[in-house]
Amino acid sequence: MPRGLHVGVIQGCRRVARSSGLDEDTGPFYRSPLSLRAHFFVPPLPASLAKSLLLPPPRPPSSACIGKSTVAGDDGAADAIFPSSSSSSSSAAAAATSPGERKAVAACLPVDLQIAHLVIENVLDLTWATPAACVTSGWSGPAYKIQLDNFAKRLKTLYTHWNDHRNDLWGSSDVLAIAAPPNSEDLRYLKSSALNMWLMGYEFPETIMVFMKKQIHFLCSQKKADVLRPVEKTAKEAVGAEVVIHVKARSDDGTALMEAIFSAIHSLSKADGQQVPVVGYIAREVPEGKLLEAWAEKLKTADFQLSDVTNGLSELFAVKDDAELLNVKKAAHLTANVLKNYVVPKLENVIDEEKKVTHSSLMDETEKAILDPSRAKVKLKVDSIDICYPPIFQSGGEFDLRPSAASNDELLYYDSASVIICAVGSRYNSYCSNCARTFLIDANPLQSKAYEVLLKAHEAAISMLKSGNKLNAAYQAAFSVVEKDAPELLPNLTKSAGTGMGLEFRESGLNINAKNERIVKENMVFNVSLGFQNLQNQTSNPKNQNFSMLLADTVIVGKEKSDVATHMSSKAVKDVAYSFNEDEEEEERPKAKPEANGVDAFTSKTTLRSDNQESKEELRRQHQAELARQK
């Protein structure tokens with residue numbers, strides 16, 4: 001099997017698994033739901049390949065299953081791709097081959113088919129959900145398992161932080177009630193899911209966690225309960241809390257189990273002399289699904305005082321430990337190298353060859369490069385990699401500097417005085433990184449000056465992200481640069497210079513703006529993102545009349561200075577400014593001198609197009625003539 005096809009099959013299986021509520025590592029759990037776009041849909045396997053893998057013949061997915069998100073073991077979403085089969089012939093085949101026999105036969109297949117067999121049988125098979133099921137299904141790979149040492153360390157951190165900052169950050173809460181929503185095909189970031197990931201290593205959809213001083217309650221399905229059992233002893237040893245697991249049956253609405261949790265809250269609160277316990281929850285997260293909607297409604301009507309604990313969770317996640325920082329660094333290494341080794345050469349080739357390519361197609365190709373890091377000359381575990389958001393490509397006068405921006409279907413525009421913005425974000429073990437660059441084509445004086453000032457302001461903001469400084473000092477540093485060097489551009493400066501980043505792409509409470517007085521601490525991580533928006537060229541061409549600029553880097557706060565984790569992607573003028581007619585320009589303009597403000601003189605990158613400036617048509621004619629001579 002060709003390597004490209006092999007990677008495509010694996011990546012396709014990963015996406016189908018996610019859309020079905022599965023995870024390639026963990027069965028019923030997933031790191032991050034991705035939108036399953038049409039061009040990533042993986043159809044049923046051909047009958048010949050299914051037969052070689054000892055699978056029943058495929059059938060088309062029913063309309064009822066398409067787009068359905070379910071948790072493995074709780075429903076039959078995987079049946080939409082690979083049916084359990086109801087035909088007599090396939091039933092007989094299934095009965096004739098035990099999991100052990102299937103494994104033995106698979107071992108005789110070529111390596112690529114062995115990999116496909118493992119992917120199909122163990123990623124899309126509903127029985128792969130618990131360590132016991134892994135054994136019975138013949139899977140010898142790593143089963144899902146909570147890292148108990150890490151769980152104990154972070155549970156202690158949670159309880160210590162909660163006790164120390166109960167009144168100022170945790171809303172004076174006596175109880176923490178965190179409800180994680182069901183699976184979704186949308187790419188989203190929620191604090192409830194982040195707490196799952198931070199504490200236990202994976203997300204637990206449709207699971208309610210209630211933390212009290214002496215007890216920790218979980219309300220979840222049977223299979224999640226099986227995975228959670230090992231933490232019972234660990235929690236008792238770490239914080240002295242008894243773990244109580246409430247198992248919800250498929251047909252149960254969970255209300256009786258909720259009442260049992262409420263009863264425990266009241267009982268423990270009265271023992272502590274409190275008549276009306278304060279229950280902390282995440283106020284901004286809208287309940288999804290019947291279970292969470294019922295939970296939210298009962299919370300409101302119960303005899304509790306509710307309090308928002310968003311700030312407490314934000315502060316808890318803000319300072320990263322060594323393991324988290326390693327994940328951020330790996331994600332940033334991938335992001336920077338995707339820009340350096342894939343995006344930039346791709347853009348240079350498109351422009352040099354005068355190709356017509358859309359922003360959306362560049363987005364798709366770049367996303368594939370993230371998910372297959374070898375394309376960017378990076379060696380990382382593919383199973384641990386994901387995107388933060390679909391890569392963003394913008395040009396031709398239409399720009400949106402918001403993180404929610406999307407690449408449209410317009411052609412990449414690279415004529416004289418044009419601007420191209422590229423933004424790439426990748427994740428490693430669910431930890432985010434981000435990098436954005438602006439490329440200039442035959443920049444005019446306004447564009448040259450704007451970029452020089454933006455670069456200087458961006459560096460100024462990064463330099464102020466030191467332990468002990470306030471966040472608004474970083475934004476003020478950038479503002480001061482623009483105010484001094486180009487005051488006319490102040491109205492176009494973005495109102496924020498970025499946000500904190502980690503398991504969430506944007507950590508609430510850590511906005512780098514003029515008003516935020518939160519203190520910067522060592523081992524915080526920031527997406528430092530600064531730009532100019534809606535600048536105007538003096539031209540009637542709508543494609544370059546309006547332009548924007550954006551720079552973004554992943555920054556880790558250290559003891560002495562901040563570390564720019566995405567530094568491998570250069571933002572220096574010489575590496576982002578291109579000229580089509582550099583030879584002619586050098587005859588017209590005098591030798592550049594260093595700028596008084598310390599920014600190097602604006603120098604364009606190596607001239608694009610062929611050195612002898614031959615037209616594309618001329619090169620095409622020469623090539624055809626050469627082919628004719630060879631006949």
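This is a predicted model: local features need pLDDT of at least 70, side-chain atom pairs count only at pLDDT 80 or more; totals for chains, interfaces and linings use all residues.
Both F262 and W295 are buried, and by buried I mean under 20% relative accessible area, with exposed meaning over 50% and partly exposed in between, using a 1.4 Å probe and protein chains only. Residues are numbered from 1 along each chain as its sequence is written, and side-chain values use heavy atoms, with hydrogens and water left out.

Let me stay with that pair of rings. A search of the whole structure finds 8 aromatic pairs, where rings of Phe, Tyr and Trp (its six-membered ring) pair if their centres lie within 6.5 Å, and where planes under 30 degrees apart count as stacked, over 60 as edge-to-face and the rest as tilted. For F262 and W295 the ring centres are 5.3 Å apart and the planes stand at 45 degrees, so this pair is tilted. F262 lies in helix α11 (residues 255-271) and W295 in helix α12 (residues 289-301), so the pair ties together parts that are 33 residues apart in sequence. Helices (H or I, at least four residues) and strands (E, at least two) are DSSP runs, numbered from the N terminus.

After α11 comes G273, whose phi is positive, near 85 degrees.

Among the buried residues of α7 are F151, R154, Y159 and W162. Over the face of W162 lies K213, at 3.9 Å from the ring centre, the criterion being that NZ of Lys or CZ of Arg is within 6 Å of the ring centre and within 35 degrees of the ring normal.

Y475 is buried, with a relative accessible area of 7%, whereas F479, at 25%, counts as partly exposed. Elsewhere, ring pairs link Y189, Y389 and F505 into a cluster.

Now to the cysteines: how many disulfides does the model contain? A disulfide here is a pair of cysteine sulfur atoms within 2.5 Å, and by this rule the count comes to 0 disulfides. C432 is in none, the nearest cysteine sulfur being that of C388, 3.7 Å away, and at 0% relative accessibility C432 counts as buried.

A residue in helix α15 (residues 359-371) is next, namely I370, which is buried with a relative accessible area of 0%. I370 and D386 are 16 residues apart in sequence and 7.3 Å apart in space, C-alpha to C-alpha. Leaving aside neighbours within four places in sequence, I370 is in contact with residues including L334, V338, D386, P391 and V424.

On backbone geometry, S430 has a positive phi of about 75 degrees although it is not a glycine; S430 is found in the loop between β10 (426-428) and β11 (431-432) and, at 6% relative accessibility, counts as buried. N523 likewise has a positive phi of about 75 degrees without being a glycine, and its place is in the loop between β13 (498-500) and β14 (525-536).

Finally, the whole protein. It has 21 helices and 17 strands, and of its 631 residues, 53% count as buried. Among contacts between residues at least 6 apart in sequence, 74% join residues at least 24 apart. The protein exposes about 28100 Å², of which carbon and sulfur atoms supply 53%, with areas computed by the Shrake-Rupley method with a 1.4 Å probe and, for residues, only the protein chains shown counting as cover.

Note on methods: Contact means heavy atoms within 4.5 Å.
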